[in-house]
Amino acid sequence: MATTPNGMPMYTYSELEGFAKLIQDRSPHIPTVGIICGTGLGGLADVLEDKTTIPYTDIPHFPVSTVKGHHGQFVLGRLKGKTVMCMKGRFHLYEGYPMWKITAPVRVMNLLGVKTLFITNAAGGMNRSYNVGDIMIMKDHLFIPGLAGLNPLVGPNMQQFGERFISTSHLYDAGLRKLARDIGKEIGCSDFLQEGVYAMVGGPSFESPAELKLLNTFADVVGMSTCPEAIVAKHCDMRVFGLSLVTNKCVMDYDLTEEDGPNHGEVLETGKLREEILQELVTKVVERMENY
């Protein structure tokens, strides 16, 4: 492993190539599309054709998922004529993983040939017009840990992937966002399809009412993932498309009781509720994305 200037470890480019080679040796597929399957989208990997499943535990020195509802495996196969690599189970800052480990799968995907990354997540709804079960197309993000210095690009720059300084002004691809809106109308989910800004916090504690009021000034939903992967995908010059599933309404009222607050069970339950429509939306965007 390499080290940062302050002595912290990080994967070397050679180690990342080793992860990619192990996967390449076990699967005949050369993926062009990567999908990080958040809550409600894990079933998408199950419908891939001619699929190969590789548990993270089969990859030496690779991180593993520790969160309930997050399977720990890569699944490679074909989806509507595209060669796809799904990540069932992501890594989070609150699990104790540093940013260079959280985002390693994105770099591995890029080394395998992925040019477009789909990222989905579960999020709490701060925008009062959003309802539980709404799906939000991400047009921008508020990366709180990144603003505090926990950015996945901190440390020696891997020039093989991209330049040191990247712009995030248009991080979430406008063409794919438009395609998702068009498909949303076709499949009848316009009534609960939103477009807005995602705020990432570190977790694992859910946010206090004061924190939510501050975040809601700039963002519509809040979660504990996605931004690091999106930043690294941009560093690798990949197209990025993000979707948030609103699994609970955020509690900003001090008069509500403890039972009114969010819980992880509610997140999983809403994921099951929207699993079918999320899968259809992502599948159709993958199928038709060349023209956008």
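The largest cavity in this predicted model holds about 130 Å³ of space. A search of the whole structure finds two cavities of 30 Å³ or more. The model is predicted, so local features need pLDDT of at least 70 and side-chain atom pairs count only at pLDDT 80 or more, while totals for chains, interfaces and linings use all residues. Residues are numbered from 1 along each chain as its sequence is written, and side-chain values use heavy atoms, without hydrogens and water.

**Cavities**

- A cavity is a set of points, on a 1 Å grid over the protein atoms alone, where a 1.4 Å probe fits but cannot get out; lining residues have an atom within 4 Å of a point.
- Grid points are joined across faces, edges and corners, and a volume is the space filled by probe spheres set on the points.
- The lining of the largest cavity has 13 residues, and M10, W100, R107, P152 and M158 lie nearest the centre.
- By class, that lining comprises nine nonpolar, three polar and one charged residue (nonpolar: Ala, Val, Leu, Ile, Met, Phe, Trp, Tyr, Cys and Pro; charged: Asp, Glu, Lys and Arg; polar: the others, Gly among them).
- The second largest cavity has a volume of about 30 Å³, and its lining includes F91, H92, L93, I102, M200 and M224.
- Also in the lining of the second largest cavity are S225, T226, P228 and E229; the residues of this lining divide into six nonpolar, three polar and one charged.

- Strands (E, at least two residues) are DSSP runs numbered from the N terminus, as are helices (H or I, at least four).
- Seven of the seven residues of strand 6 (residues 82-88) are buried, meaning under 20% relative accessible area with a 1.4 Å probe, protein chains only.
- K82, V84, C86 and K88 point one way from the strand, T83, M85 and M87 the other way, and all are buried.
- Strand 3 (residues 33-37) pairs with strand 6 in the parallel sense over five bridges, where pairing requires at least two DSSP bridges; G34 has M85 as its bridge partner.
- Strand 5 (residues 73-79) pairs with strand 6 in the antiparallel sense over seven bridges, with G77 opposite V84.
- The hairpin of strands 5 and 6 has two residues between the strands, and K80 takes a positive phi near 50 degrees there.

**Helix 9**

- The 14 residues of helix 9 (residues 275-288) should span 20 Å at 1.5 Å a residue, and the end C-alpha atoms are 20 Å apart, which agrees; the expected span is 1.5 Å times one less than the number of residues.
- Buried residues in helix 9 are I277, L278, L281, V282, T283, V285 and V286.

Methods:
1 Å grid on protein atoms, 1.4 Å probe; cavity = no way out; pocket = protein on both sides within 12 Å on 5 of 7 lines; lining within 4 Å. Buried < 20%, exposed > 50% of the residue type's maximum accessible area, 1.4 Å probe, protein only.
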